[in-house]
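User: I am new to this structure and would like to be guided through it. Please begin with the ligand and its surroundings.

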Amino acid sequence: MAISVPARPYDFSLDPRSVALVVIDMQRDFIEPGGFGAVLGNDVSRLLPAIPAVARLLELFRARGWPVIHTREAHRPDLSDCPPAKRLRGAPGLRIGDDGAMGRILIAGEPGNQIVPELAPVKGEIEIDKPGKGMFWATGLHERLQEMGITQLVFAGVTTEVCVQTSMREANDRGYECLLIEEATESYFPEFKAAAIEMIVAQGGIVGWAAGIAGLEQALSEEVAHA
Ligand code: TIU
């Protein structure tokens, strides 16, 4: 039976058989000093509040055995999947593939490319390395989700208006119902986070829904009580 989650622009009808959690790019590259986010000139400490909120979401999904997908923005060591148009852009200084404080910037397998330890994937969870901002480009993820019968995605991660919003828009176009958890996403620019959320829910939910984490926790706990 569907679970009604308080959300904007209206309640989200969550189907426990068809839902997965997507945690976008909670990797050291964006969250810790010396990584890609810092190299681009950002104050990376702005993303820290998302960590405990994503941990709460992971707890909710793991407790119920619901699927969890973790993505990382990552390129191959030979950079064959990093277009020059991407590599050459950005602030002057270190570029994707250069040696940084946590190994090569945004390269798969490097220390900086690991998901922060508090949110580390556990056995059975899907891990996706994606060369783009969106989670579907060159990843095969849509096919995997279709095989699993997933039609609803709960979104978390960083940054709100870049990889989270791109992934959510791409998911919306592929027919998924998308719910963004507001405390579990952050941006280097608070005003961009706020604007991205408004863009998602405007026009009757043109991209999807947004909800506070407490409402989701409450709705799921009531479901146990009713079971
Ligand atoms: N720079 C920035 O805000 N974000 C990214 O480059 N990637 C993600 O959002 N993961």
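User: In which pocket does the ligand sit?

Analyst: The model is a predicted one. A molecule is placed in a pocket if more than half of its atoms lie within 2 Å of the grid points of that pocket. By that criterion, the ligand sits in the largest pocket.

User: How much of the accessible area of the ligand does the protein cover?

Analyst: Residues that surround the ligand include Phe30, Phe36, Leu40, Lys133 and Tyr188. Of the 280 Å² of accessible area that the ligand has on its own, the protein covers 92%.

User: Is Asp25 buried or exposed?

Analyst: Asp25 is found in the loop between S3 and H1. Its phi is near 55 degrees, a positive value in a residue other than glycine, whereas most residues other than glycine have a negative phi. The relative accessible area of Asp25 is 0%, and buried means under 20%, so Asp25 is buried.

User: Is Gln203 buried or exposed?

Analyst: Gln203 lies in helix H7, residues 190-205, and has a positive phi near 55 degrees. Its relative accessible area is 68%, and the cut-off for exposed is over 50%, so Gln203 is exposed.

User: What is the omega of the cis peptide bond that joins Val158 and Thr159?

Analyst: Most peptide bonds are trans. Thr159 is in the loop between strand S8 (152-158) and H6, and both Val158 and Thr159 are among the residues surrounding the ligand. The cis bond joining Val158 and Thr159 has an omega of about -15 degrees.

User: How far apart are the end C-alpha atoms of helix H6?

Analyst: Helix H6 has 14 residues, 160-173. At 1.5 Å a residue, H6 should span 20 Å, and the separation found agrees with this. The end C-alpha atoms of H6 are 18 Å apart.

Definitions and conventions:
Residues are numbered from 1 along each chain as its sequence is written. This is a predicted model: local features need pLDDT of at least 70, side-chain atom pairs count only at pLDDT 80 or more; totals for chains, interfaces and linings use all residues. Side-chain values use heavy atoms; hydrogens and water are left out. Helices (H or I, at least four residues) and strands (E, at least two) are DSSP runs, numbered from the N terminus. The expected span of a helix is 1.5 Å times one less than its number of residues. A residue is near a molecule or strand if one of its heavy atoms lies within 4 Å of it. Accessible areas come from the Shrake-Rupley method with a 1.4 Å probe; for residues, only the protein chains shown count as cover. On a 1 Å grid over the protein atoms alone, a cavity is a set of points where a 1.4 Å probe fits but cannot get out, and a pocket is an open set with protein on both sides within 12 Å along at least five of seven lines; lining residues have an atom within 4 Å of a point. Buried means under 20% relative accessible area, exposed over 50%, partly exposed in between (1.4 Å probe, protein chains only).
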